[in-house]
Amino acid sequence: MNKTISNQIIFIIILIGVYSCNSRPFDKTDFTENEIKLYCYSIPHDTLFHEPNQFRERFPNFYIDDEITLRLIKEEVIKEKSNKQQHASNFIIFRLEDEKEIVDGGILDIDNGEYLYHNGKYNFDLEKFKSFQNKFKKLDAYEINCKTISNTKKLLDFVDKNDGFNYNNTKKEKHPILYFNGKVELLSDKSSLDLENTNGWKDIEKHIIDDFRKLGKIKIKHYSALSPDSIFITILVQQDISNSLPVGYKLFKNYTDTTDVPVRVYDISENQIVDFFEQNSIKDYEIKDLNKKTIGNKL
């Protein structure tokens with residue numbers, strides 16, 4: 001499992017696990033009441049480390065709302081705890097909702113037949129789960145690049161108000177871009193970051209956040225070695241900080257609202273998304289259907 005995927009999994013399990021306490025998966029959910037849905041959607045993978053998987057390719061995004069099937073998954077598919085230590089590259093997020101409120105969730109490791117939960121790993125009977133495929137219903141899933149942070153925030157607000165959801169949000173956490181209004185690109189020399197006394201990129205990230213603390217909330221989107229002596233950094237910010245940079249940082253590109261980072265949204269239709277862009281007179285955007293059907297680009 002590569003580091004990026006591993007960090008994503010830990011983040012998602014911690015957030016969803018807040019709702020689950022120390023019980024087994026789905027133990028606290030009564031499937032006979034209300035409108036219970038299990039949303040299942042793929043974690044984006046790094047193509048360098050990704051290994052093909054037929055199940056994921058055939059069912060990348062779906063949901064189950066059949067009461068009997070959900071109860072069988074709880075009782076017969078999710079088994080005893082597991083202690084396997086094996087490589088994996090194909091994961092599907094499980095997000096259990098009760099009338100649009102998240103009540104439980106975890107991550108299915110398709111490669112090893114394990115359910116990753118906040119309090120451990122459980123053996124998962126993938127063959128039994130596959131036998132329920134006639135109960136799988138297609139989940140609308142799109143990757144959208146709105147080109148600007150302001151339009152991305154409008155889109156995410158629209159999706160939320162229309163009972164959809166985005167890849168990053170849970171009951172306790174919103175998409176990180178909602179907290180920011182622009183980005184700046186910077187250069188810093190390695191001596192300013194005190195690289196000789198750091199233990200890797202995590203220490204560098206902490207150093208950068210501490211340096212900018214007085215300028216408000218920031219989020220580091222990217223950092224890399226540009227040369228033997230300098231670091232390139234992209235950060236999301238709440239306001240233009242170009243004229244008040246900490247010592248040791250130089251402006252590489254001015255504050256801007258533009259972004260090339262797409263967002264993933266679910267349980268909202270293509271027509272709703274296109275209507276949103278038309279109603280807001282947004283002409284520059286890109287849409288990718290994550291269920292393999294190509295919609296095309298609007299430019």
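Reader: How much of the chain counts as buried?

Author: Of its 299 residues, 46% count as buried. Keep in mind that this is a predicted model.

Reader: And the accessible surface of the chain, what does that come to?

Author: About 15,500 Å², and carbon and sulfur atoms account for 46% of that surface.

Reader: How many helices and strands are there in the chain?

Author: The chain has seven helices and 17 strands.

Reader: What share of the contacts joins residues at least 24 apart?

Author: The share is 74%, taken among contacts between residues at least 6 apart in sequence.

Reader: How many bridges do strand 1 and strand 2 have?

Author: Four bridges, in the antiparallel sense, between residues 36–42 of strand 1 and residues 61–64 of strand 2. In that pair, Tyr39 has Tyr63 of strand 2 as its bridge partner.

Reader: I was looking at Glu97. Where is that, and is it buried or exposed?

Author: Glu97 is in strand 4, which covers residues 91–98. Glu97 is buried: its relative accessible area is 3%, and the cut-off for buried is under 20%.

Reader: Which side chain makes a polar contact with that of Glu97?

Author: The side chain of Arg95, at 2.7 Å.

Reader: What else does Glu97 touch, leaving out residues up to four places away in sequence?

Author: Glu97 touches Glu35, Ile36, Lys37, Tyr39, Ile102, Val103 and Phe165. Two of those names come up elsewhere. Tyr39 is the residue bridged to Tyr63 in strand 2, and Phe165 has Tyr266 of strand 15 as its bridge partner.

Reader: Then what about strand 15, which strands does it pair with?

Author: Strand 9 (residues 141–145) pairs with strand 15 over four bridges, in the antiparallel sense. Strand 10 (residues 165–166) also pairs with strand 15 in the antiparallel sense, over two bridges.

Reader: Are the faces of strand 15 covered or open?

Author: Both faces of strand 15, residues 263–266, are covered. Val263 and Val265 are buried on one side, and Arg264 and Tyr266 are buried on the other.

Reader: Back to the loops. Where does Asn112 lie?

Author: Asn112 is in the loop between strand 5 (101–109) and strand 6 (114–117).

Reader: Is Asn112 buried or exposed?

Author: Buried, because its relative accessible area is 10% and buried means under 20%.

Reader: And what does Asn112 contact?

Author: Its side chain makes a polar contact of 2.9 Å with the side chain of Asp109. Leaving out residues up to four places away in sequence, Asn112 touches Lys84, Gln86, His87 and Ala88.

Reader: What order does the open sheet of four strands have?

Author: The order is 12-13-11-14, with antiparallel pairing. Strand 12 (218–227) and strand 14 (249–256) are the edge strands, each pairing on one side only. Neighbouring strands of this sheet are turned by 20 degrees against each other on average, direction ignored.

Reader: Which helix packs on that sheet?

Author: Helix 6, residues 201–211, which touches strand 12, strand 13 (230–237) and strand 14. The direction of helix 6 makes about 120 degrees with that of strand 12.

Reader: How many bridges join strand 11 to strand 13, and how many to strand 14?

Author: Eight bridges join strand 11 to strand 13, and the two run antiparallel. Val184 stands opposite Ile235 in that pairing. Strand 11 (residues 182–189) is joined to strand 14 by five bridges, also antiparallel. There, Ser188 is bridged to Tyr249, and Glu185 to Lys253.

Reader: How many residues of strand 11 are buried?

Author: Six of its eight residues, which leaves strand 11 mostly covered.

Terms used
Residues are numbered from 1 along each chain as its sequence is written. This is a predicted model: local features need pLDDT of at least 70, side-chain atom pairs count only at pLDDT 80 or more; totals for chains, interfaces and linings use all residues. Side-chain values use heavy atoms; hydrogens and water are left out. Two strands pair if DSSP finds at least two bridges between them. Buried means under 20% relative accessible area, exposed over 50%, partly exposed in between (1.4 Å probe, protein chains only). A polar contact is a pair of N or O atoms within 3.5 Å; within protein, one must be able to donate a hydrogen and the other to accept it, and residues adjacent in sequence count only if both atoms are side-chain atoms. Contact means heavy atoms within 4.5 Å. Axes are lines fitted to C-alpha atoms, for helices over the stretch in contact, and angles run from 0 to 180 degrees between N-to-C directions. Accessible areas come from the Shrake-Rupley method with a 1.4 Å probe; for residues, only the protein chains shown count as cover.
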